[in-house]
Amino acid sequence: MVSANPAVVPSPVARKRRRRRVRTLSARDKVVLSFMVGIPLLGVLFFIWFPAVATVLLSFTKWNGIGGLSAIHSDGVQNYVQAATNYPPFWPAVRHNVLWLVVFLVLATPLGMLFAVVLDRNLRGSRVYQSLLFLPVMLSLALIGIIWELIYSPNYGLLNNVIGRSGQHNLIDWLGNPNLNLWAVLVEACWRQAPYVMVLYLAGLKAVDPSLREAALVDGANAWQTFWRVVFPVLRPINVVILVITVIESLRAFDLVYITNGGNNGLELLSVLITRNIVGQVSRIGFGSALGVVLLVISLVPIVTFLVMQLRQEKRT
Amino acid sequence: MTAATPVIDRAASQAVATRAQKVSAGRVGAHAFLAIATLLWITPIVWAIYTSLRPYNETSKYGYLSWPRHLTFKNFTTAWTQADMIHYFWNSVMITVPAVILALGFASCVAFVVARFNFWFNVPLLIIFTAGNLLPQQVVITPLYRIYLTIHVPHAISSNGLLYDSYAGLVVINTAFQVGFCVFVLSNYMKTIPHEIKEAALIDGASVWTQFWKLTLPLCRPALAALATLLTTWIYNDFFWAIALISTGNKRPITSALANLQGQFFVNQNLLAAGALITAVPTLLVYVILQRQFIAGLSLGSSKG
């Protein structure tokens, strides 16, 4: 949020003093400090950043994982060419990832915000509503996949039985039909995403200075205008966070489709294709990496957005 | 506004009256909206619970959408023993507990340095940690998988001598992956702690470690509690790392073992529902007991200060 800490604007004097203090650290303190930063830093560099960079490098090579590092051969952009032209699940996966993102952006996130705005009116019983709506956020996505199978199952599921389509002649196979199953799974994903956004947004709303709203009311603005013209702009930082989370979550989508059918037959996603190319009998490491790079490039957009915003705030404080 | 003539006054009070009416209509609408949404939202969970409480032969005879004749916990006990769930729960404990402790420990160290000192590398450090947490797991998995197959660790840590297919491997990656988020949250939190406290300590000649351990950490207890709640839930709920980095079925933590459960009880939805719901018990306990902490953790992460 707009920094709650009383913005300490370091005067030149203060800054000089602080720098001197760093210099006056004892040798032992310096050792302690370097361990405190060094060990976690090495861990994150080695287990997160090194693999991330290696993904990019490996994507230009051919390697099946056998015969050590010397068996890696440079292969130019062949992996990318192959993914785009000669790998049937690639474009469907890209399409599905994009659709996932779009549905999150236009459905799940606005719905979550709407929940938050309505809950923020402090109606009687709002805590109860909030607690119940929030429940899916606690569950693992794998578990969500299973719970919803009980809804979608063609013969036994709640949905077909309620709408009377559970007979052998008129079954709707929600999770099996490749034209339907992505939408069915997206409902599951939104079921969890909307309350997630709701909780984040609610925290933001609670922190809005009530006098802003009162001022708007006194000026004769209605609730709709107050929200869009006054509250929403004030919440810019949290709006960005929610946007970032929305994009990242939709790129990470994996668990739901994997538990539903392993990510086949209408449920292909980039994340699933990457996993499939490295785990299993045949390892196509270069190729899997190329798919990883596609995901990386897309995810850099929200990551950079987030960092730029954070740094701007950092400077302000 | 004291100069208002009676006429304007009346108009104003009328406006207030219509607004009051509108507000109460709004309230009714809001209640209706929330009630319907909530009802829809809990339907899948209620349905899963209902299914899990009914005997298999009853649902196969009358269908799943029917009034109950018997309700029983038998499915839960059967699923518990048949799927050897205690074993998978133990796996989850072996992975989640060390990972949460390590992630919080490392993150508080880094956060302390970033928040308390003005080093030139503070900003790059924050970027490395925060951005690392935002990457999709699949971006790093390909090389990570090979690294895990290459790194040898003592047999005391992993029975096959590799990070791959071991609890240690999952602890490491869960820690590395979550530490960034914790650094972000904790450093923001520590920045809100007044500097005077540190200055008083400096005058007393306290070492850096004392400042960290005795002065800063105790003040961060609320943030640490919130993060611990959040991390426990996230790591317990992790599916991807365990699917990709554990090949032996019975080494998997319970969340990823759900995939096996699904295959095993595939013909018996009542049993599947019961087994799946059992895996939710720890997170539901968190939900009931620590909901405030969980939400606090989330909002700390999304807001500064």
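So, to start: is the crossing of α6(A) and α8(A) right-handed or left-handed? It's right-handed. And before I go on, please keep in mind that this is a predicted model.

Let me stay on that pair for a moment. α6(A) covers residues 141-152 and α8(A) covers residues 181-206. Their axes come within 11 Å and cross at roughly 130°, so α6(A) and α8(A) are oblique to each other. On the α6(A) side you've got I144(A), G145(A), W148(A) and Y152(A), and those meet A184(A), E188(A) and R192(A) in α8(A). By class, that contact splits into four nonpolar residues, one polar and two charged.

Now zoom out to chain A. There are 14 helices and two strands in chain A. The radius of gyration of chain A comes out at 25 Å, well over the 20 Å that the globule rule gives for 317 residues, so chain A is more spread out than a compact globule.

One residue in chain A I'd like you to look at is N122(A). You'll find N122(A) in the loop between α4 (90-119) and α5 (126-138) of chain A. Its phi is near 55°, which is a positive value in a residue other than glycine. As a reminder, most residues other than glycine have a negative phi. Is N122(A) buried or exposed? N122(A) counts as exposed, because there are 8 C-beta neighbours inside 10 Å, and the cut-off for exposed is 12 or fewer.

Over to chain B. Here we have 13 helices and zero strands. Buried residues are 45% of the 305 in chain B. For contacts between residues at least 6 apart in sequence, 73% join residues at least 24 apart.

The helix pair I picked in chain B is α7(B), residues 167-191, with α10(B), residues 221-236. They pack at an angle of about 155°, with their axes 11 Å apart, and that angle makes α7(B) roughly antiparallel to α10(B). α7(B) passes α10(B) in a right-handed crossing. From α7(B) the contact uses N174(B), Q178(B), C182(B), V185(B), L186(B) and Y189(B), and from α10(B) it uses A223(B), L227(B), L231(B), W234(B) and I235(B). That's nine nonpolar residues, two polar and no charged ones.

D165(B) sits in the loop between α6 and α7 of chain B. D165(B) is not a glycine and has a positive phi, near 60°. With 18 C-beta neighbours inside 10 Å, D165(B) counts as partly exposed. The other is G26(B), which is in helix α1 of chain B, residues 6-52. G26(B) has 16 other C-beta atoms within 10 Å, so G26(B) is partly exposed too.

Last part: the two chains together. How many residues does the contact take from each chain? It takes 84 from chain A and 88 from chain B. On the chain A side, the largest share comes from helix α2(A), residues 27-58, with 18 residues. That whole chain A side divides into 59 nonpolar, 17 polar and eight charged residues.

So let's follow α2(A) across to chain B. The axes of α2(A) and α6(B), residues 137-150, come within 7 Å and cross at roughly 100°, which means α2(A) is roughly perpendicular to α6(B). In α2(A), the residues involved are F47(A), I48(A), P51(A), A52(A), A54(A), T55(A) and L58(A). They meet V139(B), V140(B), T142(B), P143(B), L144(B) and I147(B) in α6(B). The class count for this contact is 11 nonpolar, two polar and no charged residues.

That's my tour, so let's go to discussion.

Terms used:
Residues numbered from 1 in each chain as written. Chains lettered and ligands numbered in written order. Predicted model: local features only at pLDDT ≥ 70, side-chain atom pairs only at ≥ 80, totals over all residues. Contact = placed C-beta atoms within 7 Å. Helix = DSSP H or I, 4+ residues; strand = E, 2+ residues; numbered from the N terminus. Nonpolar A, V, L, I, M, F, W, Y, C, P; charged D, E, K, R; others polar. Axes fitted to C-alpha atoms, helices over the stretch in contact; angles between N-to-C directions. Parallel < 35°, antiparallel > 145°, perpendicular 65-115°, else oblique. Left-handed = near helix turned anticlockwise from the far one by under 90°. Rg over C-alpha atoms; globule rule 2.2 N^0.38 Å. Buried ≥ 20, exposed ≤ 12 C-beta atoms within 10 Å, placed from the backbone.
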